[in-house]
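Take a moment with the sequence and the 3D view.

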Amino acid sequence: MAEQKTGPTDGSVSAFLGQLDEKRRKECETILGLMKKVTRAAPRMWGPAIVGFGAYHYKYESGREGDWFLTGFSPRKQNLTIYVMAGFERYPELMSKLGKYSTGKSCLYIKRLEDVDLAVLEKLVARSISEMKKLYG
């Protein structure tokens, strides 16, 4: 079975964020604060470019298993990616109030943080974490 490619590292979150341009760094610092508040967990680098918070262990029916973060973010070239591990279909009322974004399965893509309502984003992250804890203990 293939090993999980991305995992927690000993990399410095502050050094990682320090490499970003000023605007993106400030956006990431805002997200960092929001996620610290919601998770009450310290941030940790997952691979070279993801800041994750908390962790859970998953095991699929196929036998594949591993560890992943409860929530996190990554400043990508095109978008700021926010990881909402529970997905989005459970939260239509929040998604309708969030602002400008696009999504993948568990990824929320935001071009500029000013495009979204931070209070709604905080609720979305909190509800996702609660759901993940119910599912994975």
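Lys-23 is partly exposed, because its relative accessible area is 44%, which falls between the 20% and 50% limits. This is a predicted model, so keep that in mind throughout.

What does the side chain of Lys-23 meet in a salt bridge? Its partner is Glu-27, at 3.5 Å from N to O. Both residues lie in helix α2, which spans residues 22-39. They are four residues apart, about one turn of the helix. Is Glu-27 buried or exposed? Glu-27 counts as buried, since its relative accessibility is 8% and the limit for buried is under 20%.

Side chains of opposite charge can pair when their charged atoms come close.

Stay on helix α2 for another pair. The side chains of Glu-29 and Arg-25 form a salt bridge, with 3.8 Å from N to O. Their spacing is again four residues within helix α2, so about one helical turn separates them. How accessible are the two partners? Glu-29 has a relative accessible area of 41% and is partly exposed. Arg-25 is partly exposed too, at 23%.

Glu-89 counts as exposed, because its relative accessibility is 64% and the limit for exposed is over 50%. Arg-90 is partly exposed, with a relative accessible area of 37%.

How many salt bridges does the count come to? The total is twelve. The chain carries 23 positive and 16 negative charges.

Next, look at Pro-43. This residue lies in strand β1, residues 43-46. Pro-43 is partly exposed, at a relative accessible area of 24%. Which residues does Pro-43 touch, leaving aside those up to four places away in sequence? The contacts are Val-13, Leu-32, Lys-36, Val-51, Gly-52 and Phe-53. Pro-43 and Lys-100 are 57 residues apart in sequence. In space, their C-alpha atoms are 26 Å apart.

Step back to the whole fold. The protein chain has four helices and eight strands. What order do they follow along the sequence? The pattern reads α-α-β-β-β-β-β-β-α-β-β-α. The radius of gyration is 15 Å, close to the 14 Å that the globule rule gives for 137 residues, so the chain is as compact as a globular protein of that length. Its C-alpha atoms fill a box of roughly 40 × 35 × 25 Å along the principal axes.

Contacts and surface complete the picture. Take the contacts between residues at least 6 apart in sequence: 53% of them join residues at least 24 apart. Of the 137 residues, 43% count as buried. The chain exposes about 7,900 Å². Carbon and sulfur atoms supply 49% of that area.

Technical notes:
Residues numbered from 1 in each chain as written. Predicted model: local features only at pLDDT ≥ 70, side-chain atom pairs only at ≥ 80, totals over all residues. Heavy atoms only, no water. Helix = DSSP H or I, 4+ residues; strand = E, 2+ residues; numbered from the N terminus. Rg over C-alpha atoms; globule rule 2.2 N^0.38 Å. Buried < 20%, exposed > 50% of the residue type's maximum accessible area, 1.4 Å probe, protein only. Contact = heavy atoms within 4.5 Å. Areas by Shrake-Rupley, 256 points an atom, 1.4 Å probe, with all protein chains shown as cover. Lys, Arg positive; Asp, Glu negative; His and termini not counted. Charge placed at Lys NZ, Arg CZ, Asp CG, Glu CD. Salt bridge = Lys/Arg side-chain N within 4 Å of Asp/Glu carboxyl O.
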